[in-house]
Amino acid sequence: MKNGILILVLCLSNFGFSQVGGERVFNFLNVPTSARQAALGGEALTLVNDINQPLWNPSLINPEIDNQASVSYVDFLADINYGSLSFAHLFSRRVGTFHAGITFVNYGEFIAANEDGTETGTFKARDLAFQVGYSYTLPWEGFFVGANMKFISSSIENFTSSGIAADFALTYHNEFRPYLFTAVIRNIGYQIDPFDEVKEKLPLEIAVGASYKLENIPLQWHVTINNLQRWNISEENPSDSQTSIGGETTNDKISFVGNAFRHVVVGAEFFPDKGFNLRLGYNFRRGRELRLTESRTFAGITAGFGLQMGRFKFNYAFSKFHPESNTNTFSLNIDLAKTGLKKY
């Protein structure tokens with residue numbers, strides 16, 4: 001198989017806007033599959049009583065999501081298809097609630113060729129992660145701690161790789177308070193079997209989040225500060241380059257403030273407690289690094305809605321990347337409980 005094709009697929013496998021791209025293996029773990037999360041900027045960590053949220057923040061696993069399930073689908077970039085399944089079950093008041101989830105990626109079909117460029121057939125690539133999570137209530141009122149364990153598998157043609165990872169999270173949430181704070185360490189792990197002889201690092205990410213629900217206005221804010229494990233996450237945007245009379249090209253230097261804002265994701269949810277919700281978000285890093293100076297791209301903007309229909313809730317999100325590249329995310333949440341939701 002031609003080496004160039006394999007390198008291309010490896011780059012796609014490592015693609016992810018929530019992580020410094022191309023530097024880690026299994027970067028698909030940092031791409032949101034929840035429509036609600038995607039609509040709020042792509043990395044909201046403070047979505048209480050959402051069956052999809054424990055995929056990113058296990059400390060929010062609680063009895064409220066007992067017997068709830070969700071299926072999500074992402075029409076991602078370059079015809080890549082993402083998806084996830086989630087389910088939670090309260091075993092007993094003493095044992096607590098467990099959450100299970102599956103995230104999968106289908107990169108499609110590629111043409112295989114030898115070193116001379118002669119086509120030899122086709123091959124496929126895919127990623128898969130299975131995880132189980134649990135949350136525990138700490139002795140201090142309003143504090144919860146949670147953990148996920150992930151089993152990861154990836155294949156490109158006849159090359160395969162596997163790994164294990166864990167998430168740890170701490171949340172403060174009091175139902176009588178309008179605010180919530182959380183801290184999450186994601187993807188602490190190890191590549192068991194590498195694609196080649198060299199083992200690669202997993203996409204570790206440390207993030208903090210907060211939300212605030214206004215008292216007299218049906219609006220809730222969500223803020224996430226991500227990639228705290230690395231301060232400088234900025235990449236030069238070729239659109240910001242300048243060419244001198246002599247033909248020398250230089251890029252604008254990224255300031256301290258510019259890099260700081262690249263860590264921030266914000267989102268707003270209108271009518272959060274109603275059957276119909278509207279959502280808006282903005283990813284500062286995506287917006288800055290994918291913008292074009294000569295045209296308005298609206299990169300970094302996300303939007304969506306949620307619609308409750310009995311035991312079903314449909315969520316949709318639109319994420320703007322580029323004039324030629326956008327994503328659509330769909331989630332269907334189902335309440336399987338016979339007697340309705342339990343109170344937390």
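Trainee: How many helices and strands does the protein chain have? Please then turn to the surface: which residues form the nonpolar patch there?

Mentor: The model is predicted, so local features need pLDDT of at least 70 and side-chain atom pairs pLDDT 80 or more, while totals for chains, interfaces and linings use all residues. Residues are numbered from 1 along each chain, and side-chain values use heavy atoms, without hydrogens and water. The protein chain has four helices and 16 strands (DSSP runs of at least four residues, H or I, and at least two, E, numbered from the N terminus). Its accessible surface is about 17,200 Å², with 60% belonging to carbon and sulfur atoms (Shrake-Rupley, 1.4 Å probe).

On that surface, Phe91, Val95, Phe98, Phe130, Val132, Met149, Phe151, Ile164, Tyr190 and Ile192 form the nonpolar patch, with about 870 Å² of accessible area together (residues over 30% relative accessible area, without a salt bridge, nonpolar side chains joined within 5 Å; a salt bridge sets a Lys or Arg side-chain nitrogen within 4 Å of an Asp or Glu carboxyl oxygen). Strand 4 (119-137), strand 5 (143-156) and strand 7 (179-193) each give two or more residues to the patch. Ile192 belongs to strand 7 and is partly exposed, at 37% relative accessible area (buried is under 20%, exposed over 50%).

As for the interior, 47% of the 344 residues in the protein chain are buried. The largest nonpolar core has 23 residues, of which Phe26, Phe28, Phe76, Tyr82, Tyr107 and Ile152 touch the most other members (buried nonpolar residues joined through side-chain atoms within 4.5 Å). Strand 3 (96-113), strand 4 and strand 5 each supply two or more residues to this core, and strand 3 gives the most, four. Another core, of six residues, lies apart from it and includes Leu45, Leu55, Trp56 and Val184.

How values were computed: Buried < 20%, exposed > 50% of the residue type's maximum accessible area, 1.4 Å probe, protein only. Patch = residues over 30% accessible without salt bridge, like charges linked within 9 Å, V, L, I, M, F, W, Y side chains within 5 Å.
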